Amino acid sequence: MRYVCSVCGYVYDEGKEKRAFSDLPDSWVCPLCGASKSLFAPEKKEGEEKKAAPAAAPVRMDGDLEKLPAGVLAALCSNLARGCEKQYKEEEAGLFRELADYFASITPEEEKGDLKVLDELFQADLEQGYPAVEETAGKAGDRGTQRVRVWGEKVTAILHSLMQRCQREGEAFLEHTEIWVCSVCGFVYVGDEPPAICPVCKVPAWKFDRIEGRRMA
């Protein structure tokens with residue numbers, strides 16, 4: 001039987017590996033992207049239909065807009081700045097960076113910033129947020145948003161996986177290694193060197209930035 005990584009598409013073939021996937025330890029990770037064993041699923045047979053996703057939460061379209069906290073606005077403006085940079089729109093990128101810095105400066109300290117809360121947020125995004133985006137974009141025929149959704153979901157999945165590994169392994173998880181972030185899609189990789197190509201957006205290794213000044217909580 002073959003199992004496929006939901007992040008990068010790596011295939012674990014039990015026949016070639018001479019070892020059942022179920023016999024691999026829980027600490028085993030994808031050799032290409034570092035995704036945990038739980039992010040693998042049995043390869044679907046040709047013609048096999050995908051299981052219907054759970055109903056997504058309805059998206060409000062009646063003008064009753066949600067007030068976003070400053071921290072979310074800071075992240076949003078920062079992402080928009082990066083998007084402008086990719087389009088060589090430096091003036092617009094600079095304005096979004098200014099907004100991001102402002103919202104970051106007024107963001108209060110997170111009182112409940114523990115890993116349990118973070119885990120709940122990851123789960124909510126993967127189980128509700130991304131399906132809602134996919135449903136809305138699909139109805140609108142917005143292929144650009146659908147592509148961004150795919151990238152975002154994979155990046156969120158790898159972040160969730162890394163957080164769980166950190167919880168299991170403690171400080172040893174990040175000792176004597178580096179953390180790399182794809183400057184295009186945000187994919188995070190833990191290792192001495194970045195991957196040859198990004199497992200999510202397929203850009204080359206030189207598009208990865210090494211994270212400096214990190215510390216364990």
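A search of the whole structure, which is a predicted model, finds eight aromatic pairs, a pair being two rings of Phe, Tyr or Trp (its six-membered ring) whose centres lie within 6.5 Å, with planes under 30 degrees apart counted as stacked, over 60 as edge-to-face and the rest as tilted. Local features need pLDDT of at least 70 and side-chain atom pairs count only at pLDDT 80 or more, while totals for chains, interfaces and linings use all residues. Residues are numbered from 1 along each chain as its sequence is written, and side-chain values use heavy atoms, with hydrogens and water left out.

**Aromatic rings around Phe21**

- Phe21 and Trp28 form an edge-to-face pair, 5.9 Å centre to centre with 85 degrees between the planes.
- Phe21 also pairs with Phe40 in a tilted arrangement, at 5.5 Å between centres and 40 degrees between the planes.
- This second pair links distant parts of the chain, since Phe21 is in the loop between helix 1 (14-17) and strand 3 (40-42) while Phe40 is in strand 3, 19 residues apart; helices (H or I, at least four residues) and strands (E, at least two) are DSSP runs numbered from the N terminus.
- Phe21 is buried at 6% relative accessible area, as are Phe40 at 8% and Trp28 at 18%, where buried means under 20%, exposed over 50% and partly exposed in between (1.4 Å probe, protein chains only).
- Ring pairs join Phe21, Trp28 and Phe40 with Tyr3, Tyr10 and Tyr12 into a cluster.

**Ser161 in helix 5**

- Ser161 is found in helix 5 (residues 143-169), and its relative accessibility of 2% counts as buried.
- Leaving aside neighbours within four places in sequence, Ser161 is in contact with Gly34, Ala35, Ser36 and Leu39, contact meaning heavy atoms within 4.5 Å.

**Lining of the largest pocket**

- The largest pocket is lined by 39 residues, of which Ala75, Asn79, Tyr130, Val148 and Gly152 lie nearest its centre; on a 1 Å grid over the protein atoms alone, a pocket is an open set of points where a 1.4 Å probe fits, with protein on both sides within 12 Å along at least five of seven lines, and lining residues have an atom within 4 Å of a point.
- Helix 2 gives the largest share of this lining, 10 residues.
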